[in-house]
Amino acid sequence: MTSATTTESPPEEPGAARRDARVLGLIGTGHFLSHFYMLCLAPLFPAWRAEFDVSYATLGLSIALMSGTTALLQTPVGFAVDKRGARRFLVGGTLLMALSVAAMAFAPSFWMILLLAILSGVGNSVIHPADYAILTGSVRKSFMGRAFAIHTFTGNLGFMMAPIIIGLLTAVTGWRQTLAIVGLLGLPVVAGILWQSRVLQEQAKPRKAAGGPGGRELLFSRNILLFFAFFLLSAMAGSGIQAWLITVMGYLWGTPVEFGAMVLTGYMIGATSGTLVGGWIADTTKRNLMGIVIGLTLVAMAMLLVLGFVPLPQVLLPVVALAGGLALGTSRTPRDVMLKDACPPGEIGKVFGFVSAGLPLGSAVMPVPLGLLIDAGYPALVLPVVAGILGLSLLCAGSAQEKARARQLGTQPAE
């Protein structure tokens, strides 16, 4: 593979839109696979339990190992991406991720599946650091918000499609054939990245100023830690909604499970489609992204409190959830652009690897405490707690933005 051209942002030129589309097609397909593989195991649990005679806790360990490995390795992979370039890691990570899932089809025991889940997590850990580094170097600055939005959207689409596709394939072919099929589907993606690799340009790598912060000092600077907290708290709130909204609606308003699922689906549709709206906003409104994030998050908080405290007609519950999800999803792309703008040139991989590790961590942390609240007889507190966590995330985001702006203006020394 030839070395990539380094550039901060491609200039506006004829054919630039077509090049952006090619970049997003390659990066988005890989991101879709990444999220698809993260959720492709859970629908197989009944078949695995019957095949291998293991407990549900052991079954859950497969997802925990894959997710935990991804979160743990994202930061060191980000350092490697910044130092060595993103394309080789993107190719190797996608290939390892796909082959590990395909190899599960031939596993003679469940312990082999656990080992392969770890290997798939190693491959998956490459995706966020490499994707954001390539997008920053390959896409026009005027299109960056929409590029980030499409990247997020394709990942969410992978989450949405995995249970459906795995369920249908398993019913027709069995679980081993299903894993072989979806795993091997990653090979054309790898081939496409290799074939079109010249369009994937690396982020700029300017010479570091003497006395500037090193990578570790950068990640542990106050503004990057605040961004990490922002992402962590946002993920905690989102996972709380996804895990317990159906249950809480049943406790509070007697909503049947089937209709509660419609409420959650409304929220998920809003959150997923909102990322695309947020990309357009980020590209057209450059000056006050923090104000937009604050306003949208406050709307989402208000919708959650309405669901928790206002006895609405049942038919309105999915509409309110849709509005809350749309507001929260729309705020996510400006959030990502704010983080990109806070990154020093050439440091995108490590910063996004570190900060985005807060997403799986936050998703893992929140469901159990909220479940304990419900067990203790306080289901009415779940949605207010989630809204409060969103409010706390705004405090972190505002402080991070102020620190980043001060540093860019040269008034804030590295911490």
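Mentor: Keep in mind that this is a predicted model. Take Cys343: its closest cysteine sulfur belongs to Cys396 and sits 17 Å away, so that's too far for a bond.
Trainee: Is Cys343 buried or exposed?
Mentor: Buried, because its relative accessible area is 10% and the cut-off for buried is under 20%. Cys396 counts as buried too, at 12%.
Trainee: OK, new topic. Where's the kink in H7?
Mentor: Look at Met161, shortly before Pro163: the helix bends there by about 35°.
Trainee: What end-to-end distance should H7 have, and what does the model give?
Mentor: H7 runs over residues 144–173, which is 30 residues, so at 1.5 Å a residue it should span 44 Å. The end C-alpha atoms are 41 Å apart, which agrees.
Trainee: What comes just after H7?
Mentor: Gly174, with a positive phi of about 95°.
Trainee: Last one: how much space is in the largest pocket?
Mentor: About 1700 Å³. It's lined by 48 residues, and His35, Phe159, Gln242, Leu359 and Ser363 are the closest to its centre.
Trainee: Which classes make up that lining?
Mentor: You'll find 23 nonpolar, 22 polar and 3 charged residues there.

Notes: Residues numbered from 1 in each chain as written. Predicted model: local features only at pLDDT ≥ 70, side-chain atom pairs only at ≥ 80, totals over all residues. Heavy atoms only, no water. 1 Å grid on protein atoms, 1.4 Å probe; cavity = no way out; pocket = protein on both sides within 12 Å on 5 of 7 lines; lining within 4 Å. Points joined across faces, edges and corners; volume = space filled by probe spheres on them. Nonpolar A, V, L, I, M, F, W, Y, C, P; charged D, E, K, R; others polar. Helix = DSSP H or I, 4+ residues; strand = E, 2+ residues; numbered from the N terminus. Expected span 1.5 Å × (residues − 1). Bend = angle between axes of the 7 residues up to and from the residue. Disulfide = S-S within 2.5 Å. Buried < 20%, exposed > 50% of the residue type's maximum accessible area, 1.4 Å probe, protein only.
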